[in-house]
Amino acid sequence: MHFVDSRVALRHALSVAEQAVGLTDPNPRVGCVILAADGRQLGAGHTQPAGQAHAEVMALRDAQAQGHDVRGATAIVTLEPCSHYGRTPPCCDALIKAGIARVVVAVQDPNPQVAGQGIARLRAAGIAVDLADADLADAARELNIGFFSRMQRGQPFVRLKSAVSLDGRTALPDGRSQWITGDAARADGHAWRKRAGAVLTGIGTVLADDPRLDVRLVPTARQPLRLVLDPRGRMPPAARILQPPGETRVIGAGRANLPALLAELGGQGINELHVEAGPTLSGAFLDAGLVDELLIYQAPLLIGHGRPLAALQPLTGLDQAQRWRLVEATPVGPDLRLRLRPT
């Protein structure tokens, strides 16, 4: 594979990094591509599960396995190489030892233990380091938006998912909602669950729907932690959410303070929190201003009287309405996937 410039190679490195989704948490998803002077790809790799090799080491191993000499080569990396000893040695040292001459970094690492020190260490060793253009830096940041949130805010990126009708209903008045959206949208929803370190719901949803809330419609190497807010201890012992695969944690009385819960989850290494809940809990997250992104699947049907997306506090005027900006609108089968973020 040949690359005409570093932008094209960096886009390829981002596609390599995407293979780490559902694999690396709590570590970021990183891709690395090593290029010869003529643009030939010598090696590529992405971050492995926590405690195992990072992207740069995987790319170097790939090059070595193919018999390539990487001295004088360029490493294209989607996140600044780490400069500290964690569960693995610094990636900077591996690149320096291998004789890499140039490194192109998509975006600086927000981890205070790195935060520019990796770039400084490479430059101190005589390696040329270039930073990517803003659009590619944004793409790299988006891939690890939860990691950036945890490092910069101390809490996960909160994504609230819901499936609604054209008139904004999530279920019939008696709670029946299977299925508002089609097969493609449900599988797509599992792909977003796969991104998450944890999936959260309320006991009301468990009692009404008995969901599993695991990832099963798309392949995954790991299951997100499942969390259930159950302040009154109503969890049925036979609930499907308690069954394998994956771990489930029931959060009882006294720990249902949402901002404190997010801080606790951030401290436990949860990068992205995926909320799939009923109107009450969804409304509590929204009213508290704790939702970073809405993931809405809108089906082309009208339900009429039924349950809303969220039970929000009443307003006295439209000027108090929550405002959201549309990030994406994509057809998924017969349905429409909308992603929105606060203005």
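Is arginine 7 buried, partly exposed or exposed? Select it and see: arginine 7 counts as partly exposed, at 27% relative accessibility. Keep in mind that this is a predicted model.

**Stop 1: the arginine 7 pair.** Aspartate 135 sits in helix α5 (residues 134-143) and arginine 7 in helix α1, so the bridge ties together parts 128 residues apart in sequence. Aspartate 135 is partly exposed too, at 41%.

**Stop 2: a buried pair.** Select glutamate 293 and arginine 159. Their side chains meet in a salt bridge at 2.7 Å, N to O. Strand β12 (residues 293-298) holds glutamate 293, and strand β6 (residues 157-164) holds arginine 159, so this pair joins parts 134 residues apart in sequence. Glutamate 293 is buried at 0% relative accessible area; arginine 159 is buried at 2%. Now widen the selection: both belong to a network of salt bridges that includes Asp25, Arg29, Asp188 and Arg341. The whole structure has 25 salt bridges.

**Stop 3: the largest nonpolar core.** Select Ile34, Val70, Ala75, Ile76, Ile100 and Val103. Among the 44 residues of this core, these touch the most other members. Helix α1 (residues 6-18) gives the most to the core, with 5 residues. Center on isoleucine 34: its contacts include Leu42, Leu60, Val70 and Ile100.

**Stop 4: two cysteines.** Select cysteine 82 and cysteine 91. Their sulfurs are 3.5 Å apart, too far for a bond, because a disulfide needs the sulfur atoms within 2.5 Å. Cysteine 82 is buried at 8% relative accessibility, and cysteine 91 is buried at 1%. The structure holds 0 disulfides.

Note on methods:
Residues are numbered from 1 along each chain as its sequence is written. This is a predicted model: local features need pLDDT of at least 70, side-chain atom pairs count only at pLDDT 80 or more; totals for chains, interfaces and linings use all residues. Side-chain values use heavy atoms; hydrogens and water are left out. A nonpolar core is a set of buried Ala, Val, Leu, Ile, Met, Phe, Trp, Tyr and Cys residues joined through side-chain atoms within 4.5 Å. Buried means under 20% relative accessible area, exposed over 50%, partly exposed in between (1.4 Å probe, protein chains only). Helices (H or I, at least four residues) and strands (E, at least two) are DSSP runs, numbered from the N terminus. Contact means heavy atoms within 4.5 Å. A salt bridge is a side-chain nitrogen of Lys or Arg within 4 Å of a carboxyl oxygen of Asp or Glu. Lists of a residue's contacts leave out its neighbours within four places in sequence.
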